[in-house]
Amino acid sequence: MGSGGCDVDGSPHPAPLSVKILVAGGFGAGKTTLVSSLTEVRLLHTEEGLSAPGAHVDLTDGVSDKTTTTVAMDFGRITIRNDLVVYLFGTPGQKRFWFMWDELAIGAVGAVVLADTRRLADSFPAVDYFERRGTPFILAVNCFDEARRLPVAIVRSALSLNPDVPVILCDARQRVSCRDALVTLVGHAIRLLGAGSGAVSSAR
Ligand SMILES: Nc1nc2c(ncn2[C@@H]2O[C@H](COP(=O)(O)OP(=O)(O)O)[C@@H](O)[C@H]2O)c(=O)[nH]1
Ligand SMILES: [Mg+2]
């Protein structure tokens, strides 16, 4: 991504290194909120009001105050340095958009899978997808005010997570908390690469 440019003395400088990170998880887990908390550009997304015809597919049990749904995907950008830019892609949660995941996953460093303890199972398809694909991911439990706090061990076991998958608590509304989630993911991806486990295949 990016076409490079020139320094003041006219010498060309390389395009910034771009790092792609996916944000996944069930409907209402906080994907749009996390991307909004971090992005420096106006969040590009398509939110639609939940409609009566969509009620049978966009199940809102446990997220009664949610009135919109992301029908395409969230996109955000964070410039870390002049030469390093992070692009965030919120994967569409609903099953009918899963066909987009394979495209989105190409070249991704990894994924933050968000989970709501009231609807843990909704995050399982994302966990399963990244596990099967060999894409590094972490599980970030989004701490909704009204939701039960579950011990990490219970979350880990409910989602059948491998012991090496980091599980963290986060608040998708808080920028610092979201940043910590990305740092945990990048550290995890680097560890996997360093281990040369062959488990990392997101560049396909
Ligand atoms: N209390 C609380 N509410 C949150 C948090 N994250 C998201 N929300 C709210 O939960 C709802 C669903 O979040 P959203 O980001 O749209 O979920 P998405 O479907 O995964 O994109 C929205 O009304 C958010 O404002 C959080 O950490 N705490
Ligand atoms: Mg959304």
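**Note on cysteines, salt bridges and one backbone angle**

1. Start with Cys178. Its sulfur lies 6.0 Å from the closest cysteine sulfur, that of Cys170, which is too far for a bond. Keep in mind that this is a predicted model.

2. Now take the view from Cys170. The closest cysteine sulfur to its own is that of Cys178, again at 6.0 Å and too far for a bond. A disulfide would need the two sulfur atoms within 2.5 Å. How many disulfides does a search of the whole structure find? The count is 0.

3. Salt bridges are present. The structure holds 9 of them.

4. Arg77 pairs with Glu40 in a salt bridge, and their closest N and O atoms are 2.9 Å apart. This pair links distant parts of the chain, 37 residues apart. Arg77 sits in strand S6 (residues 74-81). Glu40 sits in the loop between helix H1 (31-38) and strand S4 (47-49). Arg77 is partly exposed at 30% relative accessibility. Glu40 is partly exposed at 40%.

5. Which residue forms a salt bridge with Arg118? The partner is Glu146, with the closest N and O atoms 3.3 Å apart.

6. Arg118 counts as partly exposed, at 33% relative accessibility. Glu146 counts as exposed, at 57%. This pair also belongs to a network of salt bridges that links Asp116, Arg118 and Glu146.

7. Asp171 and Arg173 also meet through their side chains, in a salt bridge of 2.9 Å from N to O. Asp171 is buried, with a relative accessible area of 17%. Arg173 is partly exposed, with a relative accessible area of 48%.

8. One backbone angle deserves a look. Ser160 is not a glycine, yet its phi is positive, at about 50°. Where does Ser160 lie? Its place is in the loop between helix H4 (152-158) and strand S10 (167-170).

Terms used. Residues are numbered from 1 along each chain as its sequence is written. Chains are lettered from A and ligands numbered from 1 in the order in which they are written. This is a predicted model: local features need pLDDT of at least 70, side-chain atom pairs count only at pLDDT 80 or more; totals for chains, interfaces and linings use all residues. Side-chain values use heavy atoms; hydrogens and water are left out. Helices (H or I, at least four residues) and strands (E, at least two) are DSSP runs, numbered from the N terminus. A salt bridge is a side-chain nitrogen of Lys or Arg within 4 Å of a carboxyl oxygen of Asp or Glu. Buried means under 20% relative accessible area, exposed over 50%, partly exposed in between (1.4 Å probe, protein chains only).
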